[in-house]
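Let's take a walk through this fold, starting with its aromatic rings and ending with its sheet. Keep the 3D view open as you read.

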Amino acid sequence: MTDSLAHSPRLLLIATAVLIVTGAVLLTVPNAPNTPADPAPQAAVPTLAPWATAPDGMTRQTGGPASTTEPTASALPPRGEGAPADAAIQRSLEAAWPADLTADDERKLLAAGRGLLRADATGVGRARWPALFGGPNQEIAPAFATARFRIQAAVARRDGRRNRAVVHLVWAGTDRGGTYTDRRLTDWYFTRTSTKGASTWTPLPRT
């Protein structure tokens, strides 16, 4: 009986120590989550505003964050801009077809090409080229009025061979139905002919 009582305090101390150690271990172990963790918030994706053309002809975004794309200028002004747009059209023609004729040849070809286009479209000056437009009895009625006829731009360039050339013309006019249209395109072709040592550019019939 005495031995049982003597061992009791020792057993209590051991049990107490075991409980303390167990409690400490439980406190150091992290609790498992009962519910899945919320996903990390994602960065918001900016919405780009639609593209629009500004009055100066540059392409920009309307509102929204700034774009990293460089703005691009329009190659040509919008249709219907009138005479102020002709210089830009002329520059575009010259950039598309670099000069390859002498200045004298280009000047003569441009004068002839402009005259031929005017004669063909409006009838003015057709007598200068009877082989192309025929006599009074064969003359075809002009399709465009003289009032709003305008040559917007023109260049003369070689046409593949040394003695061939073409005049590219951009023009505006009102047809018989009263419809005005600008940036019409017409090409006139020429061949160089020589007579008594002198050369000249002769227009070829339209086909």
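**Rings first, then the sheet**

Search the whole structure and you find two aromatic pairs. For a pair, the ring centres of Phe, Tyr or Trp (its six-membered ring) must lie within 6.5 Å; planes under 30 degrees apart count as stacked, over 60 as edge-to-face, and the rest as tilted. Bear in mind that this is a predicted model, where local features need pLDDT of at least 70, side-chain atom pairs count only at pLDDT 80 or more, and totals for chains, interfaces and linings use all residues. Residues are numbered from 1 along each chain as its sequence is written, and side-chain values use heavy atoms, with hydrogens and water left out.

Take Phe144 and Trp171: they pair edge-to-face, 4.9 Å centre to centre with 80° between the planes. Phe144 lies in the loop between helix H4 (130–133) and strand E3 (150–159), while Trp171 belongs to strand E4 (residues 161–174), so this pair ties together parts 27 residues apart in sequence. Helices (H or I, at least four residues) and strands (E, at least two) are DSSP runs, numbered from the N terminus. Phe144 counts as buried at 15% relative accessibility, and Trp171 is buried too, at 5%. Here buried means under 20% relative accessible area, exposed over 50%, and partly exposed in between (1.4 Å probe, protein chains only).

Trp171 also pairs with Phe149, this time tilted, at 5.6 Å centre to centre and 45° between the planes. Phe149 lies in the loop between H4 and E3, so its pair with Trp171 in strand E4 links parts 22 residues apart in sequence. Phe144, Phe149 and Trp171 form one aromatic cluster.

The charged end of Arg184 sits over the ring of Trp171, 5.6 Å from its centre, and that of Arg148 sits over Tyr180's ring, 3.7 Å from the centre. To qualify, NZ of Lys or CZ of Arg must be within 6 Å of the ring centre and within 35 degrees of the ring normal.

Now for the sheet. Four strands make an open sheet in the order E3-E4-E5-E6, with antiparallel pairing; two strands pair if DSSP finds at least two bridges between them. At the edges are E3 and strand E6 (198–203), each pairing on one side only. Strand E5 (residues 180–195) and E6 pair over six bridges.
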